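Welcome! Please take a moment to look over the sequence and the 3D view, and then we can walk through a few spots together.

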Amino acid sequence: MYLPQKNGLIFKCYAWYIGYILKKDFSAFTHNDLAIKEDEAVLLLANRFSWWDGFMLFQLNKKVFKKQFHALVTTDDYEQLGYLKYFGGFAPEKKGKDVLETLIYAGTLLDDPKNLVLIFPQGKIKSAHVDTIAFEKGVMQVVNASKKKFQTVFSVILIDYFNHRKPKAKAYLTTWQAEEYVSLQLLKSEYNKHYDKAILKQTQKAS
């Protein structure tokens with residue numbers, strides 16, 4: 001398993017750079033208000049549609065969640081984008097048993113209230129125009145590997161230009177109270193309800 005690496009100087013430099021390029025390349029990056037419990041970890045489920053996704057959610061963590069940031073990424077991304085490991089990125093090194101160990105590791109992270117674990121249920125980047133967000137079965141393996149004492153947050157990031165030269169990005173956030181028994185189908189259904197509401201709100205905007 002590829003694990004996160006700690007380097008304070010690299011982390012600070014890239015953290016500053018992420019904020020810089022977001023301000024430089026977007027006319028705005030906003031989000032709705034959200035109350036977060038300090039005594040519970042956060043499982044953050046988000047749509048995956050661009051190179052920007054992880055950077056945006058890293059920035060949101062600084063502003064909204066204020067937890068230790070961890071992100072389950074693909075093996076290819078971890079190997080090709082070396083800086084991810086300094087931002088809590090972790091990934092399976094091989095297929096098979098290593099994948100399961102990585103998912104279990106993600107679940108144990110959720111047992112610590114200081115942590116946030118970001119997962120893109122789709123796995124790989126998909127078009128921003130998909131009708132439904134697919135959920136890989138590994139999501140439930142993460143949930144079941146934990147003590148299930150965390151808070152679940154759904155994030156949908158949508159981008160439009162409207163009347164601006166640079167695009168505007170908006171993160172639609174909501175907390176979801178899990179039932180005692182959570183299935184992959186239920187989790188997918190509830191996330192996609194939020195996804196549909198986010199798109200509806202986005203399309204109702206005039207500027």
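Let us begin with a pair of helices. Helix 4 (residues 97-109) and helix 5 (residues 138-145) pack at an angle of about 50°, and their axes are 7 Å apart. Keep in mind as you look that this is a predicted model. The crossing of helix 4 past helix 5 is right-handed.

Which residues make the contact? On the helix 4 side they are L100, L103, I104, A106, G107 and T108, while helix 5 contributes G138, Q141, V142 and A145. By type, the residues of this contact comprise six nonpolar, four polar and no charged.

Now zoom in on L103, which sits in helix 4. Is L103 buried or exposed? Its relative accessible area is 8%, and buried means under 20%, so L103 is buried. Leaving aside residues up to four places away in sequence, L103 touches L72, G138, Q141, V142 and A145. The C-alpha atoms of L103 and V143 are separated by 8.9 Å, although the two residues are 40 apart along the chain.

Helix 5 has buried residues of its own: G138, V139, M140, V142 and V143. These buried residues pack against strand 2 (42-46), helix 4, strand 5 and helix 6.

Two of those elements are worth a visit. Strand 5 (residues 115-119) holds N115, which is buried. Beyond residues up to four places away in sequence, N115 touches A41, V42, K67, Q68, H70 and L109.

Helix 6 (residues 184-203) includes T203. A residue counts as exposed over 50% relative accessible area, so T203, at 59%, is exposed. A polar atom of the T203 side chain lies 2.9 Å from the backbone oxygen of L200.

| Residue | Relative accessible area | Class |
|---|---|---|
| N115 | 4% | buried |
| L103 | 8% | buried |
| T203 | 59% | exposed |

Conventions: Residues are numbered from 1 along each chain as its sequence is written. This is a predicted model: local features need pLDDT of at least 70, side-chain atom pairs count only at pLDDT 80 or more; totals for chains, interfaces and linings use all residues. Side-chain values use heavy atoms; hydrogens and water are left out. Axes are lines fitted to C-alpha atoms, for helices over the stretch in contact, and angles run from 0 to 180 degrees between N-to-C directions. Helices (H or I, at least four residues) and strands (E, at least two) are DSSP runs, numbered from the N terminus. A crossing is left-handed if the near helix is turned anticlockwise from the far one by less than a right angle, and right-handed if clockwise. Contact means heavy atoms within 4.5 Å. Ala, Val, Leu, Ile, Met, Phe, Trp, Tyr, Cys and Pro count as nonpolar, Asp, Glu, Lys and Arg as charged, and the others, Gly among them, as polar. Buried means under 20% relative accessible area, exposed over 50%, partly exposed in between (1.4 Å probe, protein chains only). A polar contact is a pair of N or O atoms within 3.5 Å; within protein, one must be able to donate a hydrogen and the other to accept it, and residues adjacent in sequence count only if both atoms are side-chain atoms.
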